[in-house]
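Here is a short tour for a first look. Keep the sequence and the 3D view side by side while you read.

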Amino acid sequence: MFEFGKLLSCDVCDNKVLLNFAENKARLEIIRDDIINVFCGFECDEHNSKAIENDVAVPTQFTADFSDGVLTLKTKCVAVTVKDNMLIDFADTNGNILCSDTDCERTVEPSLSEDAIKLMEQEGHIVTPPKSDYNIFVRKKVFGDEHFYGLGDKLSPMDKKYYQFTCWNTDEPRTHTEAYEALYKTLPFLITLKDNGVYGLFFDNTYRSVFNLCKENENYFWYGTDNGNLDYYYIAGQSVADIVGAYTYLTGTTPLPQLWTLGYQQSRWGYITQKDIEDVAENMRKYNIPCDAVHLDIDYMDAYKVFTFNSTRWPNPKKAIEKLSDNGFKTVTIIDPGVKAEDGYYIYDEGVKNGYFCTTPEGENYHNVVWPGDTVFPDFSNGKVRDWWANNIKFLTDNGVSGVWNDMNEPSTFNGFMPDDIVMNDDGKKSDHAKMHNVYGHNMSRATYEGLKKHTGKRPFVITRACYSGSQKYTTAWTGDNQSLWAHLKMAIPQLTTLGLNGMSFAGTDLCGFSCDTTPELAARWMELGVFFPLCRNHSANGTKHQEPWCFNDEVVGIFRKYLNLRYTLLPYFYDLFYQGEKTGFPLMRPLVFRYSSDPVTHTLNSEFTLGDSILIAPVTNQGENFKTVYLPEGNWYDYWTKEKISGKNMFIRSAELDVCPIYIKENSIIPKFPEQAYIGEKEIDNLKLEIYGDNCEYEHFSDNGSDFKYRDGEYNLYKFTYKDGVFSAKLIHDGYAKKYKTLTIKTFEKEITVDFADNMKINI
Ligand code: GLC
């Protein structure tokens with residue numbers, strides 16, 4: 001472990017305080033009043049962050065005083081003290097220490113003997129001896145009342161206390177359970193909630209790292225890694241929402257997507273031919289299931305060669321995709337990173353000629369095996385390779401493809417793991433797989449984003465499996481190979497709300513489950529929940545029971561239709577949340593602790609979430625249950641189906657027959673709705689409906705062309721609607737886009753009226 005020793009002196013240099021320890025130098029960097037960076041350049045002097053791309057520090061007033069061997073630094077929000085051995089305390093402005101390094105005795109479990117390991121392995125156990133010594137090691141005191149949230153897609157419940165996690169992007173084909181330390185994504189950002197405060201820690205280091213959150217000892221938690229810099233951000237705030245806002249200030253927010261990407265998407269590994277996809281599209285319309293996109297999994301390619309179509313299965317891709325588009329379907333194609341090593345294949349030849357693939361330390365292209373067999377791997381950490389990949393996206397967009405699904409980009413390999421010393425070129429600096437592994441998916445998504453942007457001019461729709469902090473700027477994410485299990489339906493809530501707290505707001509799980517066979521009841525319950533996921537895609541594996549809507553009995557088809565129609569009517573609500581989210585960094589799916597952290601019930605509530613602040617979803621996630629135990633936090637709420645008013649801070653049982661997902665609307669909300677549509681853009685939407693829940697409501701509604709970047713130049717309209725004591729008013733607060741609405745429908749509990757739309761109006765209801 002790197003040591004620091006005595007703190008000898010401190011120097012203030014612009015927004016940094018340089019810390020001269022007897023054995024190492026470190027620094028504190030004041031990013032904003034609420035964000036302090038702790039840095040020790042073991043590998044290099046500057047950050048070299050893949051997550052934070054802009055210069056984020058703003059001029060901030062602070063005081064720094066070094067006396068009696070202790071540095072005391074204060075901003076408007078945080079007081080930091082640094083002592084010998086780099087022991088740091090972060091306190092709030094009242095002097096409450098929230099986050100404190102500790103050097104108390106450790107309680108490391110003795111390692112298992114080799115014999116014991118061998119014995120266990122004979123029965124098939126996978127034994128990974130725990131590693132507890134790291135070169136870079138930060139250990140923080142636990143005061144006893146901590147809850148830990150974050151760390152991305154990891155599978156444990158929402159509160160991560162007592163678990164250990166490894167940040168090493170991992171394709172995990174076994175049944176996902178909370179026992180796994182690593183999964184596809186690396187989001188090393190943790191929110192710690194205590195009775196007297198909340199704070200965030202973002203460890204910006206791409207090497208394999210481990211978080212032990214009181215598993216070793218409940219008196220402390222630790223972070224460890226062997227390489228790179230010590231580079232972490234302490235984030236102060238009053239609420240969980242503040243911490244998420246500051247984290248996305250650093251790493252970027254999820255941008256407004258194209259409107260169609262919020263529609264229902266149908267996928268399956270097993271649609272082999274053009275005809276298979278055409279049938280799916282036709283059935284969607286035949287069964288009146290709203291749907292906006294079909295996905296082409298690996299079988300559309302020629303021998304799994306990226307940027308090709310199999311000419312037997314897809315004789316005329318351009319024409320077929322055009323036909324789908326005429327029927328209101330966008331086409332999304334999978335693209336894996338692995339390139340088939342085959343002379344004469346243009347992508348391989350170009351990559352070899354230009355040195356675009358990862359190499360062995362001896363300089364040979366590194367080969368492994370993925371779907372195409374013998375495979376090489378583009379080095380996405382090299383900007384030239386990203387540009388090349390972005391240009392290749394043109395092959396897809398020329399054929400009419402609207403979105404790209406990036407899979408296997410951990411990267412996943414079938415013939416053993418890619419060794420750590422495989423050589424990569426980090427935008428001009430020699431680097432290796434150990435450092436670039438966790439950003440491989442991030443850089444691939446970035447290249448895909450740039451390609452789609454360049455070749456379509458639209459807001460790129462990219463889906464990724466692997467990512468790193470900051471990937472939200474370029475891509476949506478799905479949670480990989482889940483299974484058609486009740487446990488996985490349940491798991492989707494903590495998994496997706498956690499991704500949201502970690503900036504990955506546009507995310508979803510494979511609806512109805514990827515592997516294993518779904519059942520009609522499971523599929524129905526999954527859809528009732530899944531229509532509220534930002535990314536709403538039904539995907540399944542080859543060989544499993546088909547789970548397109550019409551593969552179920554009439555009752556279940558009806559449930560698909562009912563809930564997808566509900567989603568389509570709620571599209572303006574989803575889209576408004578995305579618009580706000582681009583500014584605030586706030587997720588769409590919010591665990592209740594996001595807004596109600598002073599209510600202890602919310603701290604470990606894994607079974608519900610809110611969509612924005614106004615809609616609370618409490619789905620049934622157990623077989624055979626036709627009821628749900630619901631908890632409503634403070635305030636009054638309305639049952640969406642019965643309109644019954646219910647006071648919050650209240651736990652009760654709601655009956656929920658198979659077609660009922662309990663939904664609650666917060667008092668004083670306005671919920672905007674569009675008419676039902678078979679697909680987005682089927683109808684010119686000229687009516688906006690506002691459902692009013694209460695006597696004192698306010699709502700901001702955004703409208704634009706739903707596809708390109710012109711909104712960033714002001715081409716949008718923003719309306720403010722209010723309803724107070726029986727008077728409704730509308731105000732156009734930003735006027736920058738063609739007016740689409742002709743009528744406005746206002747629905748209160750008592751009345752529903754439709755009036756001509758005017759940008760500014762006042763009506764007595
Ligand atoms: C991986 C993906 C899955 C995809 C399959 C075939 O397992 O996670 O979604 O269908 O590969 O491409």
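Predicted model: local features only at pLDDT ≥ 70, side-chain atom pairs only at ≥ 80, totals over all residues.

Which residues are around the ligand? Around the ligand stand Trp269, Asp297, Ile298, Ile334, Trp371 and Trp405. Asp407, Arg465, Trp478, Asp481, Phe514 and His539 are also there. By class, seven residues of this shell are nonpolar, one is polar and four are charged.

| Residue | Distance from its polar side-chain atom to a ligand oxygen atom |
|---|---|
| Asp297 | 2.5 Å |
| Asp481 | 2.4 Å |
| His539 | 2.9 Å |

How much of the ligand does the protein bury? Taken alone, the ligand exposes 310 Å². The protein buries 97% of that area.

Now turn to the helices. Two packed helices are described by the distance between their axes and the angle between those axes.

Start with helix α3, residues 274-286, and helix α4, residues 317-326. Their axes come within 11 Å and cross at roughly 5°. Angles under 35 degrees count as roughly parallel, so α3 and α4 are roughly parallel to each other. Which residues meet here? From α3 come Gln274, Ile277, Glu278 and Ala281. From α4 come Ala320, Lys323 and Leu324. The residues of this contact divide into four nonpolar, one polar and two charged.

The next pair is helix α11, residues 554-569, and helix α12, residues 571-584. Here the axes come within 4 Å and cross at roughly 50°. On the α11 side, the contact is made by Arg567, Tyr568 and Thr569. On the α12 side, it is made by Leu571, Pro572 and Phe574. By class, this contact has four nonpolar residues, one polar and one charged.

Two points in the backbone also deserve a look. Most residues other than glycine have a negative phi, and most peptide bonds are trans.

Where is there a cis peptide bond? The bond from Glu410 to Pro411 is cis, with omega near -5°. Pro411 lies in the loop between β25 (403-406) and β26 (423-426).

The other point is Leu151. Its phi is near 70°, a positive value in a residue other than glycine. Leu151 also lies in a loop, the one between β11 (147-150) and β12 (164-167).

Notes:
Residues numbered from 1 in each chain as written. Heavy atoms only, no water. Near = heavy atom within 4 Å. Polar contact = N/O pair within 3.5 Å; in protein donor to acceptor, adjacent residues only side chain to side chain. Areas by Shrake-Rupley, 256 points an atom, 1.4 Å probe, with all protein chains shown as cover. Nonpolar A, V, L, I, M, F, W, Y, C, P; charged D, E, K, R; others polar. Axes fitted to C-alpha atoms, helices over the stretch in contact; angles between N-to-C directions. Helix = DSSP H or I, 4+ residues; strand = E, 2+ residues; numbered from the N terminus. Parallel < 35°, antiparallel > 145°, perpendicular 65-115°, else oblique. Contact = heavy atoms within 4.5 Å.
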